[in-house]
Amino acid sequence: MEAMELIGVWIGIALTLGLYSFLYKDNPVFKFCEHVFVGVGTGYMLIYLAIEVVWPKLLLPLLHLFQWDVVPWLGGLFGKTWKVPSTPLEDLETWWLLVPTFFSLFMLVRFIPKVVWLSRWSFAFIVGYTAGNSIYASAQGQLFPQAQATLEPLWPPDAAWGASLNAVIVLAGVLSVLIYFFFSIEHKGGSPGLARSRYILLGVGGLAALAAIWVSMSHPEPEWDRARGAMIIVSLLSILIGFVVCREKHGGIYAISRLGIFFLMIAFGAAFGYTVMARESLLIGRVMELERCAHKPAGFATLILLPLIVGLIAFLETRQPKTPPTQA
Amino acid sequence: MALAQGLVKPEGFEVKDRPDDGGRWLVVVWRESPSDAPGAKYVLFGSTSEGGPWTQVAEVDSKAPEGFQNSNPKMFWLADLFEQAKHRHYLEIRSIPHPTKANHSIPLWNASSRSTGPKRSYYFRLEMVRESTGERLVVGSGDAQPIANLWDSSKSTIFLGCVGFCALVLTMIRRARKNPDMFVRRIPGLDAVDEAIGRATEMGKPVLYLNGLLGMESISTIASTSILGRLARRIAQYDSQILVPCYDPVVLPICQEIVREAYLDAGRPDAFREESIYFLSNDQFSYVAAVDGIMMRDKPAANFYMGYYYAESLLLAETGAATGAIQIAGTDSVTQLPFFIAACDYTLIGEELYAASAYLSRDPMQLGSLKGLDYGKAVLIAMLLVGTLLVSFELDFVRKLFATF
Amino acid sequence: MSQETKRPIARWVIFLLVALAAVIPYLMKFELPELPAEVVDALYKEVEALPEGTPVLISFDFDPGAEAELDPMARAILRQCFRKKLRVINLSLYMPQAVPLMQGVIRDISKEYEGRVTKGTDYVVVGFSPAAQASINGMGEDFYSVFPRDMDDRPLKGMPVMKGISTLKDFGLVIDLAAGSLPDYWLVFGQSKHHFKMGLGCTAVMATDYYPYLQSKQLVGMIGGMSAGYRYEKLVGIPGPAGSAMRSLSVIHLLIVALVIVGNIVYFAQRRR
Amino acid sequence: MRFFKRTIPLALTFVIGVVFFLQPFSPHPFSGKLLELFSNWVAIVASVSLVLGLGSLFLVHLGKIRKQGAGWGYSAVLLSCFFWISVAGFWPMKVDDPQHEGQTIWKIGGDGVIESHYFWIYWNVYRPCGATMFSILGFFIASAAFRAFRARSLEATLLLVSAVIIMVGNIPWGFEWGGGLAGSLKGVNWLPDFTKAQTLGPDIRDWVLTVPNMAAKRAILFGVVLGGIATSLRIIFGIERSYLGGGRD
């Protein structure tokens, strides 16, 4: 391993262990590492954007436009696109670049209090574009296709009863969650008319069950299978909702919005399980890195640095008198 | 069958501009013929002038499954709705092979879209061929100009949907300005707030209130501050104590102002202590560590987490639960909601936070948007319900209303 | 609640358990069985079905904070693409921090396939562009207006790898490897307007949010999180980092399930008293 | 002055907003060109604004150091790291690249990833920190699982059950053992076929994800999309003005 590479590995491991000291508590070592992280991240991003985006996309074409070959030394120093081509551009589009140039300049004056309002023009420009463009896009990309995908037949032809059940569950889930987030009607309590919804639901369920029995007695032909399936699902669902969720005093809307909550909780549970996996994956990623650097090629970095960092924190702990965290 | 009697000429041959595009396509449409069968082909010739030279543009089998499209969903979606346009043959043409140069083709274009040159017409002739018998039949010929359209009519449904919804929201905001007493359902979480404050008063412990990690430009922070106002008033009435450690320096003075006003409203301006609303840290992990320290030291009886949170939600909720405080959270950060729900006694989920804020603040903008959204949702619910029933009875046209191209 | 019941087990014991569950299974090298997942298989099949030479766009939209999760997927997908001789166009729209990670993965995998793939014909790294919404809109109209040159500063137009590509429509498949809101942008401003096939590789935190798009067929498949990355590695058939991580991950999952259950038992026992 | 400070930006937002709301409805080549042009402009202005936003962070910390308030030492650390990588960014260095043979160039592109000071800092300082930051939560999640995640209501119970199903379903040997056990019992023909249990965990996981989770997420998505459209609308019509920043004029 080269010297630079080795130094890099040691720095990386030291920072990793320093950040993990947060497990003990918020301490100076952790704070130090955190600020190094923020400082380096900000600097990295700033430099990258300035050199790889602002320069080639804005400044270079501008120099181009005015044929200012003012920076031959810069071109010589940096090679690549830093050199300003000697032929001018006739293209009208380059002249258009003056528009973003002005808006960028307006952004720059944000640091001058007297004309800070000029930066509003630039914000207005960006925000207007973003807002206008996203109305159509989210309608076309999310609202309409998602609505279309929800419109699935409840008793799909040539499908098992499972598919039918899933279709019903999906529809019930989408609608009940939408109703849960519906704020213009009272959910709990409800109107007296709705309070009887439990009986209505049970009645509907019973009728559907009777119809299903009648259909299976009188029409045993396979083409009636789907109708029968639909009736059974409807009856099961309404009886289930009627018994389990619907309380007389609350009414039907409450039952539906309660069903919505259940769906939400299952979804949040899934998100919960996946978030656990995400965090643990990152942890294992670091464990793999620490293990890699605990061997000879990396100079046993992990093994040596671990006691060092622990010692450093212990040392700082003994030196610092017990002060409560900053409070105004 | 028609096989023995020679080829039957298909009806309705037409060359036309492909509608709803930028002017680079033409289409050729004709009806099915009774003699469409494997082995019977359609051959299309094209030219840039009426007299030729003609070059072969396409050769398609009349029964080939994917030899050519017989329906363009975008072009015929309206016609398909009413089942008028079935049994049609259809070819889209973007270019004509060059008559002299091999492997070159002349792309169709609408000259006006490029601002130079005259508009051009393109000429086509369709023939039907059966190779086994050597029969040949000219179906028809015609010409057309590609046109760059200004309006894409296939997107009309989306346009109507957007405009309708926008009108709804704007109307509701206007109505909310005139009459801010619009009905919003009771948010159960807000009842829990009073309960928690009552308990804090009994125990003689402070109440901790966090605003989330975003600045004042975020809707969740705005919502959080309006809930803070109501909460502070109740606390002033109960003569309890509130702690608001802030993350964002801009949010801090606003919170101070809101709490001061609330104490004034409650008639207890003397009890207001500005130093209980303070700036803690502008750094995610340090902020959490400091808040956790407050929880462990001061043991607040109730913790409120309202606003937008990131990964720190977990640490906050965990420490709060360990101190035995009543915890009420409200956030629109979907990824953090599970942790709050699992560790808090009550959680305002997503839009409930906005609704609670609109309910408390009666701000016409928030209230109007909430109502507009509600009615939008009502329309959506009705459409989904009715649509699913129609689709279940194999009336597929409703799905086409939501088609996007 | 009394003082001593608040902390039945000290925090550091749990931390230690997690650390052990992460380290020990990782050091023990044992084989894990398959872990089927519908949506992962769907993406794999989609890539397999592409004919040789199809242009595939891969957007690397993750920073080091999610590298552990997304790096294995990126490697597996690139291997599959190179093996199938697809043309791979790589870019990043998320933040500049993603760029070195992208370059690192591509350098490694192209070295593995040295002699079989060449830069400029089989793959290219076109770089980074900020403002995702505007960039995707721009690429939808003219790819080269957003990315005129590749990262080596060679003009993109006319490169063999870019043959036949002028807008986003021309890609056979777009795969977004994302740790932020970028998939939303790709779906809303890219896929829905230009109707290309789109696959997604994402962190586990985001994974559950994209099932509606899978059902509506706006996404052809998804690799969500480490377990799905492990599945993809198995499908591609070349062992990678997810395989070794999965050993620890399984044990930690069991540990956390156990902690939740024990914690609740303690809670209910306390409440009864 | 009010005209410049308030009316012009609001009018600008309104005009651009309406134009770009209508733009996608027009297939005319001009409309595409307009989108392309504006997209490039917005990308440029947005990146300049991003650079400036980062610059303001710099100013905040500079102020902290000048005032020597609490924790100013950390601000000094932050700023020195900032300068360190910035200087490294402009540090020319030799790169073995046939394209620029012998030239001293500043290089971000290509394969010369590690061979510059700038990227050395990225790989050895930024990357370890970035990767570690959120992995710390791996520990806290476990501790919270034990101490805070309680089935205190029906809702929370449902959430935890669903989470456990997902977590177990993501373990490759979740049901492998069950399958192996069942395999040894194959001779007993009155038992149901347990070998299917091998994929039971993943199957239940997939069902939870694709049916109830999908339904709830879709409904949330509808809410988010409608809310987003309403917000865009308020911005275009100048009802929502928070993007203009503070100040009452």
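This is a predicted model: local features need pLDDT of at least 70, side-chain atom pairs count only at pLDDT 80 or more; totals for chains, interfaces and linings use all residues.
User: Is the crossing of α6(A) and α5(C) left-handed or right-handed?

Analyst: The crossing of α6(A) and α5(C) is left-handed. Residues are numbered from 1 along each chain as its sequence is written, chains are lettered from A and ligands numbered from 1 in the order in which they are written, and side-chain values use heavy atoms, with hydrogens and water left out.

User: What makes α6(A) and α5(C) count as oblique?

Analyst: Helix α6 (residues 118-150) of chain A packs against helix α5 (residues 132-141) of chain C at about 60°, and their axes are 11 Å apart. Axes are lines fitted to C-alpha atoms, for helices over the stretch in contact, and angles run from 0 to 180 degrees between N-to-C directions. Under 35 degrees is roughly parallel, over 145 roughly antiparallel, 65 to 115 roughly perpendicular, and the rest oblique. So α6(A) and α5(C) are oblique to each other.

User: Which residues of α6(A) and α5(C) meet?

Analyst: Tyr129(A), Thr130(A), Asn133(A) and Ser134(A) meet Gln133(C), Ala134(C) and Asn137(C), where contact means heavy atoms within 4.5 Å. For the classes, Ala, Val, Leu, Ile, Met, Phe, Trp, Tyr, Cys and Pro are nonpolar, Asp, Glu, Lys and Arg are charged, and the others, Gly among them, are polar.

User: What is the class of α2(D) relative to α3(D)?

Analyst: Helix α2 (residues 29-67) and helix α3 (residues 72-89) of chain D cross at roughly 135°, with axes that come within 9 Å. That angle makes α2(D) oblique to α3(D), and their crossing is left-handed. The contact has 9 nonpolar, 2 polar and 1 charged residues.

User: Which way does α2(C) cross α10(C)?

Analyst: Helix α2 (residues 38-49) and helix α10 (residues 225-236) of chain C pack at about 40°, with axes 10 Å apart. α2(C) passes α10(C) in a right-handed crossing. Among the residues that meet are Val40(C), Asp41(C) and Tyr44(C) in α2(C), and Arg231(C) and Leu235(C) in α10(C). This contact divides into 8 nonpolar, no polar and 2 charged residues.

User: Why are β3 and β6 of chain C at the edges?

Analyst: The open sheet has 6 strands in the order β3-β2-β1-β4-β5-β6 (chain C), paired in parallel. β3 (123-128) and β6 (221-224) of chain C each have a single partner strand, so one side of each has no neighbour in the sheet. Neighbouring strands are turned by 15° against each other on average, direction ignored.

User: How do you know that β1 and β4 of chain C pair, and how many bridges join them?

Analyst: Two strands pair if DSSP finds at least two bridges between them. Here 6 bridges join β1 (residues 55-61) to β4 (residues 173-178) of chain C, and the strands run parallel. Asp61(C) stands opposite Ala178(C) in β4(C). As for what a strand is, DSSP runs of E with at least two residues count, helices are H or I runs of at least four residues, and both are numbered from the N terminus.

User: How are the strands of the chain B sheet paired?

Analyst: This open sheet of 3 strands has the order β1-β2-β5 (chain B), with antiparallel pairing. β1 (14-17) and β5 (88-93) of chain B are at the edges because each has a single partner strand. The twist averages 25° from one strand to the next. Between β1(B) and β2 (residues 26-31) of chain B there are 4 bridges, and Asp17(B) has Leu26(B) as its bridge partner in β2(B).

User: What area do chain B and chain D bury between them?

Analyst: About 3,700 Å², with 79% of it on carbon and sulfur atoms. Buried area is the accessible area (1.4 Å probe) that two parts lose on being put together, summed over both. The contact takes 47 residues from chain B and 38 residues from chain D. On the chain B side, Phe285(B), Glu318(B) and Ala342(B) lose the most area to chain D, together 16% of what that side buries.

Key: A crossing is left-handed if the near helix is turned anticlockwise from the far one by less than a right angle, and right-handed if clockwise.
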